[in-house]
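Subject: A structure for you to explore

Hello,

Here is the structure I promised to pass on to you. Please open it next to this email, and then read on for what turned up in it.

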Amino acid sequence: MSMKPDLSSRAQVEKLISAFYARVSEDALLGPVFRHVDWPHHLPIMVNFWSSMLLGDQSYRGNPFQKHIHLPIGREHFDQWLHLFYTTLNEHFSGPIAEEAKTRAASIATLFQHRLGLTA
């Protein structure tokens, strides 16, 4: 059995983000919500975001929450987003940074839901 690498480079973050958002754009629940997204423009921003979060490269500048305020999303969208993120991550990577990515994604989902008034 071959060992999966950990997320330790920007190229690996690009691989994760590309594979993940390919799933998001094709997903029955999430795809329609994000149909308006210009993926060639958006993906490098998401790579910067996750590279900053996981590798500390400080390439991201922005406010990710602002982009989500007006989207028609509920708790089920966050659940599906996390499911696809974890699935994609587990297929490609394994290790402490990959686990940190899961923790960060869950924290982001929780924070966004709270700020959107979706938590009980």
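Before we start, one term: two residues are in contact when heavy atoms of theirs lie within 4.5 Å. Please also keep in mind that this is a predicted model.

With that term in hand, look at Asp 6, which sits in the segment before α1. Which residues does Asp 6 contact, leaving aside its neighbours within four places in sequence? They are Gln 12, Phe 93, Ser 94, Gly 95, Pro 96, Ile 97 and Ala 98. The C-alpha atoms of Asp 6 and His 92 are separated by 8.6 Å, although these residues are 86 apart along the chain. Asp 6 has 17% relative accessibility and therefore counts as buried, since the cut-off for buried is under 20%.

Now the overall picture. The protein chain has 5 helices and 0 strands, so if you read the elements from the N terminus on, you get α-α-α-α-α. The C-alpha trace spans about 40 × 30 × 30 Å along its principal axes. Why does the radius of gyration agree with a compact globule? For 120 residues, such a globule would have a value near 14 Å, and the protein chain has 14 Å.

A few totals for the chain are worth noting:

- Of the 120 residues, 38% count as buried.
- The chain exposes about 7,000 Å², and carbon and sulfur atoms supply 56% of that area.
- There are 11 positive and 11 negative side chains, with the centres of the two sets 4 Å apart.
- Take the contacts between residues at least 6 apart in sequence: 76% of them join residues at least 24 apart.

Leu 16 is found in helix α1, and Thr 88 lies in helix α4. They are 72 residues apart in sequence, yet their C-alpha atoms are 6.9 Å apart in space. Are they buried or exposed? Leu 16 is buried, with a relative accessible area of 1%, and Thr 88, at 0% relative accessibility, counts as buried too.

Not counting residues up to four places away in sequence, Leu 16 touches Leu 7, Phe 85, Thr 88, Leu 89 and Phe 93. With neighbours within four places set aside, Thr 88 is in contact with Leu 16, Ala 19, Phe 20 and Arg 23.

Next, the aromatic rings. The structure holds 8 aromatic pairs. In one of them, the rings of Tyr 21 and Trp 39 have their centres 5.3 Å apart and their planes at 40°, so this pair is tilted. The pair links distant parts of the chain: Tyr 21 is in helix α1 (residues 10-26) and Trp 39 is in helix α3 (residues 39-55), 18 residues apart. Both Tyr 21 and Trp 39 are buried.

Trp 81 and Phe 85 form another aromatic pair, this one stacked, with 5.7 Å centre to centre and 10° between the planes. These two residues are separated by about one helical turn, because they are 4 residues apart in helix α4 (residues 75-92). Trp 81 and Phe 85 are both buried.

Which residues do the ring pairs link into a cluster? The cluster is made of Phe 20, Tyr 21, Trp 39, Phe 49, Trp 50, Tyr 60, Trp 81 and Phe 85.

Most residues other than glycine have a negative phi. Gln 58 is not a glycine, and its phi is positive, near 55°. At 60% relative accessibility, Gln 58 counts as exposed, since the cut-off for exposed is over 50%.

Enjoy looking around, and write back with any questions.

Best wishes

Methods:
Residues numbered from 1 in each chain as written. Predicted model: local features only at pLDDT ≥ 70, side-chain atom pairs only at ≥ 80, totals over all residues. Heavy atoms only, no water. Rg over C-alpha atoms; globule rule 2.2 N^0.38 Å. Buried < 20%, exposed > 50% of the residue type's maximum accessible area, 1.4 Å probe, protein only. Areas by Shrake-Rupley, 256 points an atom, 1.4 Å probe, with all protein chains shown as cover. Lys, Arg positive; Asp, Glu negative; His and termini not counted. Charge placed at Lys NZ, Arg CZ, Asp CG, Glu CD. Phe/Tyr/Trp six-rings, centres within 6.5 Å; stacked < 30°, edge-to-face > 60°.
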